[in-house]
Amino acid sequence: MPVEAPPVEAPPVDDATLDDTELARARAAPARSRPQAARALLARTGDDWDRRGHRITVLAREPDTAAWAHAWLAADPGSADAAVLFALAQVRRALRGEETPATARAACRDAAAAAPADPTPWLGLLMLEGEGTADAVRIFEEIRVRHRDHHHAHHLMVALLAERRADAGPDPLHEVYDFAAWAAGQAPADSPLAILPVVAHAERYRVLAVRGHAPADPRTAPHWRDQRAADVMKAAFDWWLEWEHDGHPRRLVDLNFLAHATYCQGRPAEAAALFHRIGDHMTPAPWSYPDRDPYAAFHAARTSALGRERSAT
């Protein structure tokens with residue numbers, strides 16, 4: 001008699017806060033008190049640059065953030081927090097087509113002048129880049145000067161580099177792989193940048209699949225079954241077993257990339273372990289790659305992995 005898979009609820013609507021409960025409270029504050037909640041949150045965050053970047057980019061997603069951050073900045077022109085939050089809100093508006101990239105870039109440059117040690121305004125500039133150009137590399141280096149192991153910036157740079165020579169087809173020597181290996185190698189042993197080669201493999205898959213060089217269903221793509229995929233996945237999974245950091249603000253991004261890779265490679269036991277750690281904290285990337293419904297893809301993968309785990313016990 002077949003063993004039933006455990007019931008799995010559908011994942012929630014994309015919650016960009018991940019498991020940051022303080023950020024979730026600030027984001028959910030009533031409109032009239034949201035500026036005060038954000039101000040207190042950013043003051044508590046200090047110069048924890050990865051956490052600060054995560055919190056500001058999430059707050060900036062709200063449609064009304066640009067307006068109230070601008071009012072905050074007008075009332076307190078010396079506030080670096082207000083300048084940076086306003087800049088990232090302008091970046092988000094530009095990405096939605098509601099503001100010009102030039103205006104968003106100017107706001108980021110103003111914020112960088114107001115907060116010279118903060119990598120977050122430069123992160124905003126990197127978000128406005130569309131490919132791994134020389135300008136993107138220069139912006140990335142400005143971030144690394146301020147925080148060498150900036151998690152979000154490295155993920156963005158991988159995604160941008162993966163776009164290079166997009167129409168050339170599969171290339172095991174593509175520069176995105178070299179960049180990811182270099183970044184993982186130069187980071188401290190306990191750094192989550194160890195996962196970056198897996199991210200590079202996923203981002204290059206996205207580019208190849210969009211252009212018809214790889215199947216739209218990643219489970220059938222040779223890209224996920226080659227020796228490079230096997231090597232980077234083993235190294236990344238071994239790192240996770242030894243070094244997993246519960247406290248990193250973007251650790252769930254890494255866990256989603258790892259779970260996606262193990263599932264695509266047909267490694268359900270490893271995938272199940274990762275899904276247990278993820279819970280309902282799905283991130284759209286990479287489940288949406290190349291143009292899939294991320295919620296449906298995540299739900300199907302998790303149900304399959306956990307069902308196989310239960311069948312094996």
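1. Leaving out neighbours within four places in sequence, threonine 45 touches Arg51, Arg52 and Arg55, where contact means heavy atoms within 4.5 Å. Threonine 45 belongs to helix 2, and here helices (H or I, at least four residues) and strands (E, at least two) are DSSP runs numbered from the N terminus. With a relative accessibility of 7%, threonine 45 counts as buried; buried means under 20% relative accessible area, exposed means over 50%, and partly exposed lies in between, with a 1.4 Å probe and protein chains only. From threonine 45 to glutamine 186 there are 141 residues in sequence and, C-alpha to C-alpha, 26 Å in space.

2. On the basis of this note: the structure is a predicted model, in which local features need pLDDT of at least 70 and side-chain atom pairs count only at pLDDT 80 or more, while totals for chains, interfaces and linings use all residues. Residues are numbered from 1 along each chain as its sequence is written, and side-chain values use heavy atoms, with hydrogens and water left out.

3. On confidence, the protein chain has an average pLDDT of 92, and 94% of the residues score at least 70; pLDDT is the predictor's confidence in each residue, on a scale from 0 to 100. Residues 1–13 have a pLDDT below 50, and this stretch makes 25 contacts in the model beyond near neighbours in sequence.

4. Helix 1 (residues 21–28) and helix 2 (residues 34–45) have axes that come within 8 Å and cross at roughly 160°, the axes being lines fitted to C-alpha atoms, for helices over the stretch in contact, with angles running from 0 to 180 degrees between N-to-C directions. That angle makes helix 1 roughly antiparallel to helix 2, since angles over 145 degrees count as roughly antiparallel, under 35 as roughly parallel, 65 to 115 as roughly perpendicular and the rest as oblique. Helix 1 and helix 2 cross in a left-handed sense; a crossing is left-handed if the near helix is turned anticlockwise from the far one by less than a right angle, and right-handed if clockwise.

5. The residues that meet at this crossing are Glu22, Leu23, Ala26 and Arg27 from helix 1 and Arg34, Ala37, Leu41 and Arg44 from helix 2. By class, the contact of helix 1 with helix 2 holds 4 nonpolar, no polar and 4 charged residues, where Ala, Val, Leu, Ile, Met, Phe, Trp, Tyr, Cys and Pro count as nonpolar, Asp, Glu, Lys and Arg as charged, and the others, Gly among them, as polar.

6. On the side of helix 13 the contact includes Leu252, Leu255 and Tyr263, and on the side of helix 14 it includes Ala271, Phe275 and Ile278. The contact of helix 13 with helix 14 comprises 9 nonpolar, 2 polar and 2 charged residues.

7. In helix 4 (residues 65–75), the buried residues are Thr65, Ala66, Trp68, Ala69 and Trp72. These buried residues of helix 4 pack against helix 2, helix 3 (49–59) and helix 5 (80–95).

8. Alanine 285 and proline 286 are joined by a cis peptide bond with omega of about 10°, and proline 286 is placed in helix 15 (residues 284–287). The bond from tyrosine 289 to proline 290 is also cis, with omega near 0°, and proline 290 sits in the loop between helix 15 and helix 16 (294–312). Proline 290 counts as buried at 16% relative accessibility, and, leaving aside neighbours within four places in sequence, it is in contact with Tyr205, Arg206, Ala209, Val210 and Ala216.

9. Leucine 18, although not a glycine, has a positive phi of about 60°; leucine 18 lies in the segment before helix 1 and is buried, with a relative accessible area of 8%. Arginine 165, likewise not a glycine, has a positive phi of about 50°; arginine 165 lies in the loop between helix 9 (151–161) and helix 10 (175–186) and is partly exposed, at a relative accessible area of 38%.
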